[in-house]
Every structure is written in C-alpha cells, then in structure tokens.
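Please read it alongside the sequence and the model shown here.

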Amino acid sequence: MEDGKLSEKLDRWIESHRAELFEDIAAVVGIRSVSEKDADGYPYGKGCHDVLAKAESIASSYGFECSNPEDRYLLVRYGSSKGKKIGIFNHLDVVPEGSGWEHEPYECILENGFLVGRGVADNKGAALASLYALRFLSEHGMKLCHPVELYYGVAEETGMEDVEYYLQHNEAPYFSIVPDSNFPVCYGEKGNIRFNLMAKLPSSSALRSLNAGEVVNSVPNTATAILEDTVSVPASSEKVRVEARNGNIAVTAYGTSGHAAFPEQSDNAVRRLLEVIAAIDGLDGDTLSVIEALKTAVSGYYGEGLGAETEDAASGKLTVVGTVLRMEDGCITLSFDSRTPVTASIDKIEEKYKAFAEAHGLGYERVSWSRPAYTPIDSPEVRLLCSIAENVHGRKLEPYTMGGGTYSRKLPFAVGFGPGLPDAPNLYENGKGNGHQSDECILFDLILKDIKADVLALVGLDEIIE
C-alpha cells in the first residue's frame, strides 16, 4: 500500500473507531491497578490481575492470540513466527490516586477534548492505542515479515520487576518502541538510584509519627507529623495546618505533587514538613540533629544538599528527591528517587550519598539501581521514527533524553515513542493534570494520532530490519 493511501485509510479508520477506543480506554482506567507485590494472592495485587484480564478480554475479542504468564504481564502477538521480533511495551499499572481530584480518578471522562482519569496519560491511553494499531494491521490483512509482540506490564511504577521476569523467560525483541514518553523519540534515559536514609530516635522524643508519600517515584503533596503536646509549634498558615489530634499535635504540610523524574514541576511536602519540625521548640537534641540532616538532604532537587551535583550536555542535571517518609517504632525512613545523567558514573554518585549518610550519622540502604539507557541518535531506527512522528504531527520535533524511567532501560535495543508532545496543552493549572498528578489528563487527539504513528512505525521498521 502506497504511503499516501495508507495514511488516508488510517485516518478514516481511526476516526470511525473513536467511540469504540474511548470505551476500551475507559474499561481499563476504571480498574484501580496500583501494583502491590504479593497482594491478595496475586504477584502484583488483584487490581493488576483484573486489568490484565480486561486487556486480554479486549484483545481476544479482536482476534489476537494472548498469553498471561502467572498474572505478571500480558502478551499480544501478531504476524509471523519468523524474522526478528519487534516489541511494543506498555504498562497498565498506575500510581495511587492521591488527593485533590475534581473528578473520580477511576472513571474516565472526555472533557473539552481531553481524556481525564488515572492512567490516561501514563500509560493506559497509549496501551490501547498500540492494540488498535495491531487491530488496523489485522483487519486490513497487512502482513509483516517480522513478528510483533505487544507487552502489557503491571509493575512498571514499582521497579519493573515484571519486565525483568519477562526477559528471564523470553527472547528480547530485536527492537522495541515504548509509547510512554513524548514524540518524536526519547533516545536516552538517566540512570536511577532509589535509596533510603534511616535513623533511630530516642524513646523520649516528642516526635511520635511521620507520614508522607505512597510510591517513591511520585513527589507527595501532603506530609504529616504527630508530636506530643509538650512542644511549641507554629500557628497554621496557608501551606501548614496545625491541629490537636487525640491528645497530640498534628502538623500537616502541603505542596504540589509531580513525577520524581521532573521534581522542578512540583513542591515537595516532605521538605516543607521537615523545615517546620526543625523550627519547633521543645525537641531534644538527637531528634533535631536527625531532622536537620534530613532537611538538608531534601533542600534542593539537584543534589545540592547531598553534595552530589552534576550534569551533562546530553541529559542535563542530576535530580534527587525524598518522597516517602515513615516513622515506625521510633525509626525514621526517608526514601529517595535519584536520576543520574547518562554519561555520569552512577557508582561515584552513590558513593556521595553514602558519604552524606555517614557524615550525618544516618543509615544508608540501596533499594534499587539501574544504569542509564542510550541508543545512538543517528541509528536508522531513530531516524525513521523521528520522520514518522514529524509526518503524523506535521511539525519539526527534536529527539531528546529524559530523567523518566520506562521499560526502555530494561530492554537491549529500545526507545521511547510518544504519545505526548513536549508542549502539549493541559486542561488544568500547574500542579494538576500531568502523569502522577490529580486529574491526570491527555488530549484524546494525541492518543488517536498515536495509533497512526504506531502503525507507520511497525510498517517502516518491518521494512528496514534485515
């Protein structure tokens, strides 16, 4: 099929399936698929089991062969069993909904051209677009020389154990696209270190409880401390609420949520809470010492407080943000998410985090660790995908690197490919509407164009892969 005729046929088919696509997206958005390891008798919890089952039901209804190994991921296959496998990797798990929603998080709606609901942008909208791309190829009898495998994971937001399991039991695709970023192509991802700083408080401490955050890759918009009423706390303000609670004092700090890979777009409630606690009269010296150390650690988003500032030309500054704060049995744990430049030594950066902990009398624990991902920008695959993205969107787009982590970093040869745009509009003001934020949204038109981009990418890759 000639390129022009294929493009026209694609446009007509996509428009005629618009309503059906919305219903399928709504069906998976309606499931609270927050990944919880070994919960409810399933590897990643009942919500993730349910969303895989729903996706399998949808894909099977369109005639695709599917498999769901042990409720860890779903594979949807298309085409020949010969040739080099082409992969499309999406995830159906989401971060917890958090607070501040104007709409029901798990009820997908269409408002002013935007899909709204948890996961519409990250990553359920693109996941269904990928399936519809295969559906178009199938319904039009378009045979490919190479097999295509569409992967749906359910532990992407919690460390990507699902795709590691997949790679242990399957041959990796020769080349993969990961529709979990912006067009045209994300050809590099920063390294990722997740670690904990820990401290034990004296039993006499007036600080009784700390609580903030739910998952390490999301900056929290609230953080709360419970203290004995023997201390002197400041009055409530616009960003801090102080109240009596069960004979104690509760201090709640408010910020703006966001993705830990792009912390400058957020306002970390953990930082604000630690600043308030550090100024409270009546805390013992040991407790204040720990709070001051943690306050220093979260004082900047670029490693300033931890002594780890670095950057490179390809990917920019290191980022590090403390996101999950807990206190149990007098032990404080603050969890950090750090993204390291693609050319920097991740080992040397971690040594700086360890040195900070030692200098301040804190414990250090590495939780997970992933080296940077990089694909040469001049590779035939990247050049092809860039040209397709520019054709679909009718504008010049520049390939880029990012701090966010997708399945690309786990695969041997993969790049990010849509569905977003770097300047895509948002239905809401700052602090809402983006992935990991309340009232998460994405232009429905971007998802529709993602179908077209995926079809053209599969056809084009099939031609250039030998």
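Arginine 272 is buried, because its relative accessible area is 16% and buried means under 20%, with exposed set at over 50% and partly exposed in between (1.4 Å probe, protein chains only). The model is a predicted one, in which local features need pLDDT of at least 70 and side-chain atom pairs count only at pLDDT 80 or more, while totals for chains, interfaces and linings use all residues. Residues are numbered from 1 along each chain as its sequence is written, and side-chain values use heavy atoms, with hydrogens and water left out.

Arginine 272 belongs to helix α6, which spans residues 269–278; helices (H or I, at least four residues) and strands (E, at least two) are DSSP runs, numbered from the N terminus. Leaving aside residues up to four places away in sequence, arginine 272 touches Lys239, Val240, Ala253, Tyr254, Gly255 and Asp267, where contact means heavy atoms within 4.5 Å. Arginine 271 also lies in helix α6 and is buried, with a relative accessible area of 18%; with residues up to four places away again not counted, arginine 271 touches Val298 and Ser299.

The axes of α6 and helix α7 (residues 285–297) come within 9 Å and cross at roughly 145°, the axes being lines fitted to C-alpha atoms, for helices over the stretch in contact, with angles that run from 0 to 180 degrees between N-to-C directions. The crossing of α6 past α7 is left-handed, a term that applies if the near helix is turned anticlockwise from the far one by less than a right angle, whereas clockwise gives right-handed. On the α6 side the contact is made by Leu274, Glu275, Ile277 and Ala278, and on the α7 side by Leu288, Ile291, Glu292, Leu294 and Lys295. Glycine 282 is placed in the loop between α6 and α7 and counts as exposed, at 58% relative accessibility. The C-alpha atoms of glycine 282 and serine 205 are separated by 9.6 Å, although these residues are 77 residues apart along the chain.

**Aromatic pairs and charges over rings**

A search of the whole structure finds 20 aromatic pairs; rings of Phe, Tyr and Trp (its six-membered ring) pair if their centres lie within 6.5 Å, and planes under 30 degrees apart count as stacked, over 60 as edge-to-face and the rest as tilted. Tyrosine 73 and tyrosine 165 form a tilted pair, at 6.3 Å centre to centre and 55° between the planes. This pair links distant parts of the chain, with tyrosine 73 in strand β2 (residues 73–78) and tyrosine 165 in helix α5 (residues 161–169), 92 residues apart. Both tyrosine 73 and tyrosine 165 are buried.

The rings of tyrosine 174 and phenylalanine 413 are edge-to-face, because their planes stand at 85°, with centres 5.6 Å apart. Tyrosine 174 lies in the loop between α5 and β7 (175–178) and phenylalanine 413 in the loop between β23 (400–402) and β24 (414–416), so this pair ties together parts that are 239 residues apart in sequence. Tyrosine 174 counts as partly exposed, at 33% relative accessibility.

| Charged residue | Ring | Distance to ring centre |
|---|---|---|
| Lysine 84 | Tyrosine 174 | 4.6 Å |
| Lysine 317 | Tyrosine 302 | 4.7 Å |

**Nonpolar cores**

The largest nonpolar core has 77 residues, and those with the most contacts inside it are Val76, Leu131, Leu137, Tyr152 and Phe417; such a core is a set of buried Ala, Val, Leu, Ile, Met, Phe, Trp, Tyr and Cys residues joined through side-chain atoms within 4.5 Å. Helix α10 (residues 444–464) gives the most to this core, with 12 residues. Another core, of 49 residues, lies apart from it and includes Ile193, Leu227, Leu318 and Met327.

**Backbone features**

Most residues other than glycine have a negative phi, and most peptide bonds are trans. The peptide bond from phenylalanine 183 to proline 184 is cis, with omega near 5°, and proline 184 is found in the loop between β8 (181–182) and β9 (186–189). Histidine 436 has a positive phi, near 75°, and is buried, with a relative accessible area of 5%.

How values were computed: A charge sits over a ring if NZ of Lys or CZ of Arg is within 6 Å of the ring centre and within 35 degrees of the ring normal.
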